[in-house]
Structures are given as structure tokens and as C-alpha cells.
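Hi everyone, thanks for coming. Let me put the structure up on the screen, and then we can walk through a few places together.

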Amino acid sequence: HFIDHLIELKITHNIPTSSGEGPVATIADIVVTFSLPLEGRALRIVNWSDTVHSAGARGGALLQLADGTTLEYSQGGVLEPCDAAGPLLEACPWIAGVYDATSDATPTTSPKTTDDQNLHGDDDDDGTPKRLVIGLSSRYRLYCGERLLSGASSSFFISLEHRFITHVTIGSRPQLRFLSLASLRDFDPLMGSDENMALDGYEPRSVERGARLVAIFPTKPMAIIQMPRGNLESISPRALVLPFVMMKIQAGDFLTALDIMRRQRVDMNLLVDLDPISFLEKGGAEQFIGQIQNINNINLFLSSLIDVDTTLWKYPVPSWIRTEQVTPAAPSQITEGLSKVNKVCIKVREVMLSAEKDGVTASGKIVKEGHFLLPTLSTFAKENPPKLEEALTLIKNSAQGGHSKQSKRKSILLSEHVQSSIQYLAFLADYELIFNTAIGMYDFDLAKAVARHSQMDPKVYLPMLKRWRELPEDTARYEVDVKLKRYESALRHLVAAGQVAEELAIEDHFEKCLKFIKEHGLHKLGLELFKDDKTNRRSIMVSLGEHLLLERKPEEALAIFLAANPRHLDGGKRASRSCGDWRAYFACCAEDGDTVDDGTITAIAESISSKVCNMREQRDNYASAASILLDYGEDVAYAIDMFVSAHLWSEGRRIAHLHERIDLVKKVVDGSVSYARTCIEDLAERASTFVKTIERYAEVIVIRRDAIREAEEAGILDTHHDDSASMFSMQSTASNTSLRSTASGSSVGSVGSVGSVASVSTVISVGATSTFSFTGEVDLLKHNSKFNNLGKKKKKKKPRKKGSAARRTKPGSEEELKELVTALGHGCPDEHYIAVISETVTFLLQSDKLSMATLLFESYKELSEAVAQSQSARLARDKEEKEEREKRERKEGRIDDFVEHPCEKDINAIICKPLQGCVQSTFSFLL
């Protein structure tokens with residue numbers, strides 16, 4: 001029986017002073033301070049992995065016995081069970097431990113983290129730091145305490161600097177997996193799979209079969225892998241690169257982060273997206289410009305900017321990277337106001353120009369003027385829209401500032417410095433766009449310098465630039481603006497060219513300006529430019545009126561024509577005829593001294609009265625037509641016809657008496673009587689239609705309620721368009737063949753009669769016939785001839801019906817309910833129709849037509865009573881059915897929630913409004 005002992009040795013050594021005559025021997029003393037017997041055979045003893053970072057781990061060790069028991073040894077001979085980590089499920093020859101898993105003190109952590117947070121972190125409730133013990137068994141099972149991390153792993157390594165436990169799996173597809181220490185520390189086996197993603201790893205990397213993990217560099221995102229052949233290879237997995245870069249960005253080390261991102265092809269938007277507030281507002285941009293010495297790297301960063309937050313989809317930031325000091329910014333904080341790209345470009349440009357002005361960067365690096373020329377050009381070209389004009393101005397100013405060696409014969413814009421800057425700008429934007437921007441600045445020498453290295457033909461642009469140089473300044477600028485389609489600026493320069501040459505009074509020059517205004521619709525600017533010239537301003541206003549007429553805006557054209565000084569009456573007459581403003585038309589004719597013939601007057605009146613519009617507007621149109629015929633045509637008979645069509649009985653009678661036309665008075669009275677008969681028929685038909693429609697509505701609404709109730713029980717939210725309800729309900733009765741309920745109505749009368757009746761038609765058919773034919777292989781073997789059925793000609797299919805016949809409403813559906821609701825809504829007369837009926841009744845009483853007035857009044861009263869009785873009867877039945885249903889549900893032990901269709905409130909509120917009070921008061925004495 002063997003007993004293992006744990007022995008602690010103390011080694012002291014003294015190094016004497018060297019005499020310089022040769023090597024000096026070191027004297028060392030080794031003393032056994034403690035010897036502790038163990039309860040079992042020791043399998044492995046290792047130092048804590050965080051000895052450098054955790055003070056409690058120094059001088060201690062992690063011990064595992066052969067039976068899998070884990071012990072922790074502290075300096076001074078203290079040996080106790082490692083209860084904080086839990087026992088391993090089996091003995092593991094390879095183990096490693098973390099003394100304080102709650103500490104995040106690593107070399108790459110942001111310096112903002114305090115020491116107190118690093119030492120204590122998220123300790124357990126009793127204040128004891130949480131341990132992590134990782135073990136790999138002889139059967140290649142990887143454990144973290146009592147948890148199985150992997151069923152087949154060949155090797156593992158703990159990297160506190162990268163905050164990962166990395167292991168290589170065994171199998172047909174081996175992978176290098178990365179498990180974060182924070183995820184293992186906070187792992188809760190009772191949480192769901194969505195909450196516990198620790199065992200899946202972060203960004204796994206496929207490796208060669210048989211590979212083993214040797215080490216991970218603490219200061220680089222690089223792992224050392226031993227291949228089956230024995231050779232060592234270094235790789236930079238994404239799981240190491242991304243967190244390492246993020247931690248460097250948080251620490252403000254942009255130089256290291258950018259270098260790694262450039263080598264590993266990581267999107268450089270991450271420099272901003274990780275913490276945009278810090279980069280834009282808290283000195284991040286200043287640190288970036290101060291640390292990056294290579295101008296090309298700044299250009300590379302600027303050229304890669306996009307208006308997308310890469311941390312939301314491309315590089316999600318792990319939870320263990322986020323700290324309290326660096327919080328993620330919402331997308332609105334990045335793109336609020338200006339876009340992200342524009343904000344970054346403006347900020348970086350301000351920092352670079354400020355550094356050039358001061359001669360030193362934020363890091364103390366001395367820079368000269370023009371040092372950041374190319375990155376500044378990148379910021380101008382990268383903005384949306386690109387600020388190429390500012391970029392070209394910067395190039396020109398830098399050339400004139402002495403950065404280019406000026407030659408007596410050669411222009412300074414053709415120097416090597418300027419040409420290289422232009423070539424770089426052309427790399428970011430198209431040459432043609434840069435050339436157009438240069439000529440848009442009216443700097444033809446700069447345009448020539450831009451076009452020099454482009455693909456443009458010198459035979460084209462050199463004569464063009466030469467011609468523009470020889471022209472007067474405003475004329476040349478006008479032609480440039482026309483070429484660039486900057487028409488407003490072109491008009492300004494065209495007017496200025498005439499003023500300089502004193503040609504504004506010449507008609508040819510103004511005609512050129514007016515033609516340009518008409519072609520490009522620049523009337524507003526033209527009126528502004530010629531506001532002091534009354535003659536030319538009137539010509540522009542007339543042109544604007546004609547333009548509005550072509551765009552079918554006659555009302556606006558009429559206002560413009562009459563606002564001209566002097567007024568353009570011919571255009572006003574045409575515009576007033578187009579918009580139907582007869583008052584303005586006759587006013588223009590009178591002002592212009594024109595005499596309107598009777599045919600034109602009649603045509604105008606008929607055109608106004610024949611406009612298609614609602615009943616109220618149509619009545620006004622008839623009244624206007626009558627006024628035209630009376631005032632300008634003196635056609636009293638035709639005017640009376642218009643008043644009769646408009647149902648303006650009193651006005652028609654007045655006009656007839658005014659012109660002493662008793663025959664026309666009788667015509668007005670006969671028209672009112674005829675209209676009263678029409679209204680009586682219409683009101684009676686409305687009453688019968690409403691009664692039939694409301695009965696069908698009562699049946700359909702029950703079906704729709706049941707459909708809504710069934711849909712709610714099934715969990716379907718949108719039930720208003722569900723036509724899957726039963727065609728029959730308990731309240732509907734139908735024969736075995738068909739059930740047909742029809743309700744139709746019509747409105748007759750004169751051309752302006754008011755009132756309309758909707759029609760409802762519902763068909764429910766039951767019964768269908770089906771035929772079956774059986775054919776087998778025998779039919780397929782028959783000869784295709786005229787002696788068998790296969791040889792017969794196929795009958796032509798009847799074409800499908802189009803229109804309403806093809807779209808038959810399904811009974812009990814939501815579509816039928818909508819039709820019924822529409823019909824019920826139109827069943828009662830509207831306010832305008834009621835007013836016309838009241839006026840008709842009053843006129844009949846005044847014209848000694850008491851019987852007809854009484855019939856019309858009683859017809860409307862019958863309609864009102866029919867609507868009220870139908871509504872009250874339906875609501876009473878509905879109430880009884882509701883009470884019966886509640887009783888039935890209570891007997892069955894259920895609670896019935898009454899279902900109401902959204903249209904029911906509107907239908908329940910339908911009533912016939914009463915006639916005018918004077919009419920009712922009058923008949924209270926007569927009846």
C-alpha cells in the first residue's frame with residue numbers, strides 16, 4: 001500500500017558579486033517546508049492558469065486524485081476540496097484550472113476597468129471567487145466540472161487573454177471550437193437552448209483530422225496547431241480575431257486593430273460601429289488620426305465606409321465584450337440626421353484639417369500642410385452626394401499654396417502634384433463626373449487638367465474649352481449650365497449676358513429668354529428676373545397661363561391671365577370656358593366688347609347643366625344655366641325648363657310671373673306634380689326593399705357572428721374576410737332546391753331627380769348532379785376512328801361569362817354582408833333628398849294641390865314607419881336570441897361572450913330623418 005505525499009519546497013539562492021575573472025557559482029538552498037499525505041493516488045497537479053492576474057492563485061496549485069477528486073492547495077500547507085468548481089465526472093490526465101473565473105483582468109481589457117472590478121467581479125453570494133476546472137479524460141471527453149463540454153476532443157487550451165477555452169474535436173469533421181469563459185461561468189443547465197449557447201462555441205473553425213492544439217499567443221489572435229505529420233502551423237481563426245480586434249478598439253489601440261483588420265480582411269466599419277458615440281464625440285477620431293501614420297490606411301478605412309451597422313448582422317458583438325463603459329448605440333444614434341458615412345467623413349476631415357493647421361496631431365506627431373490631402377479628398381468623394389467641387393477647390397488651393405513646382409511655360413494645374421491628386425480623385429469618382437464638376441465651377445483650366453488623363457477625346461474637349469474661354473463670361477456660363485442641365489442658373493446667366501451687352505431692350509434677346517423659359521418651365525424664375533419690366537413680365541405671365549392650360553389647370557390659368565397687366569382677356573375667356581366659370585367668361589366678353597350670340601349662350605348653358613356630379617351640385621348647375629339663359633339669352637321658356645329640372649319650383653314660378661307667362665306657371669306646377677308621383681313610387685319601393693333587405697341582413701349577420709366566434713376559438717385574428725362560414729344558419733329556412741330573395745328599386749323622373757335605390761339579389765341553391773365515367777386500358781387500345789367514341793370530335797367549351805354573371809356573390813359571405821350594408825345605407829333618403837321633398841310638398845300646398853301634397857307626405861311617413869318597425873322587430877328578435885343563447889350556455893357551464901360584427905352599430909343607427917319642421921307643423925292641422 002503506497003501513500004502519495006504533497007511536498008512543498010522552498011528554494012533560496014544567493015548571487016555573489018562578480019569579480020570579473022570568470023563565472024561565479026550560484027549557491028542555492030532547498031528546504032522542505034510542508035509534506036502532506038494524500039488520501040489517494042495523485043494523478044495530476046498543475047498551477048492555476050490565472051496566477052499572473054489573480055493574487056489568490058499565487059503559490060497555490062490544483063490537484064487531482066486518481067478517483068477524479070479535485071483539491072486546491074494554498075501556500076502554507078492548506079489542502080482542501082475544490083468545492084467551488086465541483087468534481088469531475090471521471091479521472092482526467094490533462095487538467096487546467098482558473099482560480100477566479102469572475103475576474104476579467106486581461107492585458108487586452110480596456111484600461112477603464114477598475115482594479116476592484118477586476119479582483120471581485122461577479123463573485124458568489126458568499127464572496128468566494130468562482131473556480132473553473134477543465135479536464136480531458138483518457139477517453140477524450142472534455143469536462144468543465146460536472147458538465148460534459150465535448151464527447152470527443154483531442155486537446156484543449158485556456159487563453160485568459162482572449163477569454164476562451166479552446167479545444168479540438170475528434171471525428172469525421174474535426175473543428176477548433178472556442179468556448180467563452182464568461183458563458184461557462186454563467187452556464188445554467190435549467191435554462192433553455194436559446195439561453196445556453198456556450199457548448200455550441202463561437203465561430204468554430206474546421207481543421208485537419210488528427211490535428212492537436214499546442215498553444216495560443218496571448219498578445220496575438222493566433223493559435224499553434226500540430227498536424228498529424230508533426231509539423232506546426234499558425235492560424236488566425238475568426239473567433240480569436242474578432243474579439244481581439246473589438247477589445248483593441250475599446251482600449252483605443254486603433255493602430256493594432258487596423259493592422260489586424262487589414263491583414264485578416266475584417267470590415268473596417270467595425271472601427272466606428274462598435275462604439276459610434278465614442279468615435280465621433282469622445283475623441284476616438286482624434287486618436288485614430290494620431291495613431292495611423294500610413295496615409296494609405298486612412299484612405300482604405302474611408303473608402304470602406306457604408307451606411308450599415310455591421311454589429312447588427314455581420315459582426316455581432318459577444319456579450320462578454322460589452323462593458324458598462326462602452327454601451328452599444330442604437331441604429332438611430334448612428335443614422336439620425338446625417339448618414340453614418342457623412343458623419344464620419346465630416347468628423348475625420350475636421351480632425352485632419354485641424355491637425356494640419358496646428359502642425360501636430362493629437363498623439364504629438366508633427367505634420368506639414370497638405371499631409372492629409374489624399375484622405376481629405378477621400379472624405380469629400382465618399383460623402384453622399386459627393387462634394388467634388390470642394391475636392392477640386394482643395395486641389396487647386398494646395399497647388400497655389402506652393403506644394404507644386406511652378407514652371408513659367410507650364411500651368412501650375414498641370415504639375416505632377418495636381419495631376420496625381422486628380423488621378424486619385426478619379427479613382428473614387430468617375431472622370432466624366434469630375435470633368436463636369438470642373439466646368440460647372442467655370443474653371444476651364446482646371447477642367448483641362450482633369451481631362452488630360454481621362455479617356456476623353458482631346459479633339460472634342462479642347463475646342464470646346466477654347467471656345468468658352470473666348471466667349472463673354474455670362475454667355476460662356478450660360479452654355480456650360482445648359483450642357484450640365486442646370487437650367488435655372490442658365491437662365492440667370494442668359495439674362496445677365498443681355499444686361500451686360502445692353503441688349504435687353506432688343507426683342508430678339510427677350511424672345512430667346514422667353515423661348516428658354518417655355519422649354520424648361522422656368523416661369524417663376526422668369527417673373528422674378530423681369531419683375532421691373534412690365535411688358536416682358538406680362539409676356540411671361542401669358543406664357544405661364546398657356547402652359548397651365550396645356551397641363552389641364554384652367555382655374556389657375558384663368559387667375560394668371562386676369563392677373564396680367566393689362567389683362568389677357570382672350571386667354572381668360574378660353575380658361576373660363578374650360579373650367580366652367582361662366583361668370584368670369586361673360587365678364588371677360590363684356591370687358592373685351594364681344595357680343596355673345598344666342599347659340600353660344602345656349603351651348604354654354606347646356607354644357608353647364610350636363611355636367612356629371614352629385615345631386616346637390618347638379619341642382620346648382622341647373623340654376624346657373626337658367627340664370628345664363630335669362631340674363632344673356634332672354635330665353636324664359638328654356639330657363640323655366642332648367643328650374644323645373646332643378647326642382648326649384650318657387651323660383652320657376654317667380655320668373656314665370658315676372659315675365660307674365662301664365663303658361664309657364666302651369667308648366668312649373670305640372671312638373672312638381674309629376675315629380676311628386678315619381679317620389680311616391682320611389683318611397684314605396686324603398687320601403688319594400690328595406691324590409692326585404694333587413695330580413696336577409698338578420699340571417700347573414702348571424703352567420704358572420706358564428707364565423708367570427710369560430711375563428712376566435714381557432715386563434716385566427718382576421719375574420720372579417722373569412723368566407724368559410726356555413727351557407728345555412730339555424731335562423732334561415734331554405735327548400736331543398738333553391739331560395740331566392742330579390743329586392744330591386746328604380747328612380748325615375750327628370751334629369752336632376754334625386755334619390756336612388758340600391759338592389760340586392762341573393763341566391764342560395766342546393767343540390768347538384770355529378771356524373772362518373774369509368775375507362776380502362778381497353779379504351780386506350782381502341783383505334784382512333786369515326787366508329788368509336790375516341791374518334792369523335794371534342795365539343796367546344798362554352799366561353800366563360802364576363803361581368804356580374806361570372807362574379808356571383810357567395811351566400812352568407814362577407815361580400816354579401818357588405819352589399820346588404822350598402823343597400824340598407826342607401827335605403828333611407830339623404831338630407832338633400834329630404835329637403836327637396838319638403839320643398840315639393842310646400843309648393844304643392846301653395847299651388848292648391850292638397851291631395852298630391854298629402855299623398856307625398858304620407859308616403860314618406862310610411863317609409864319612416866316601415867324602417868322604424870323593421871329595425872325594432874329585428875333588434876327585439878336579436879335580443880331574444882341573445883338571451884336564449886346565454887341561458888343555454890349557462891346550463892352547459894360555459895360563459896358566452898357576445899360577438900358583435902363591426903357593421904352592426906352603423907346598421908342599428910339607421911333611421912329616416914323627419915321632413916322639415918314647417919311641413920310637419922302644417923300637416924298637424926290638415927290631417
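Which residues form a nonpolar patch on the surface? They are I7, L9, I11, I30 and V32, and together they have about 510 Å² of accessible area. Before going on, a word on what you are looking at: this is a predicted model, where local features need pLDDT of at least 70 and side-chain atom pairs count only at pLDDT 80 or more, while totals for chains, interfaces and linings use all residues. Residues are numbered from 1 along each chain as its sequence is written, and side-chain values use heavy atoms, with hydrogens and water left out.

Back to the patch. A patch takes residues with over 30% relative accessible area and no salt bridge, joining like charges within 9 Å and nonpolar side chains (Val, Leu, Ile, Met, Phe, Trp, Tyr) within 5 Å. The areas are Shrake-Rupley values with a 1.4 Å probe, and for residues only the protein chains shown count as cover. A salt bridge, in turn, is a side-chain nitrogen of Lys or Arg within 4 Å of a carboxyl oxygen of Asp or Glu.

Two elements give two or more residues to this patch: β1 (5-14) and β2 (27-37). The largest share, 3 residues, comes from β1. Strands here are DSSP runs of E with at least two residues, helices are runs of H or I with at least four, and both are numbered from the N terminus.

Let's pick out I11, which sits in strand β1. I11 counts as exposed because its relative accessibility is 55%; the cut-offs are over 50% for exposed, under 20% for buried, and partly exposed in between (1.4 Å probe, protein chains only).

Now for a sheet. Four strands form an open, antiparallel sheet in the order β11-β12-β13-β14. β11 (153-159) and β14 (205-206) each have a single partner strand, so one side of each has no neighbour in the sheet. Pairing needs at least two DSSP bridges; β11 and β12 (residues 164-169) have 6, in the antiparallel sense. Within that pairing, F156 stands opposite H167 in β12.

Finally, two buried residues. A447, in helix α15 (residues 444-451), counts as buried because its relative accessibility is 0%. Beyond its neighbours within four places in sequence, A447 is in contact (heavy atoms within 4.5 Å) with F435, A438, I439 and L465. D878 lies in helix α33 (residues 850-891) and is buried at 16% relative accessible area.
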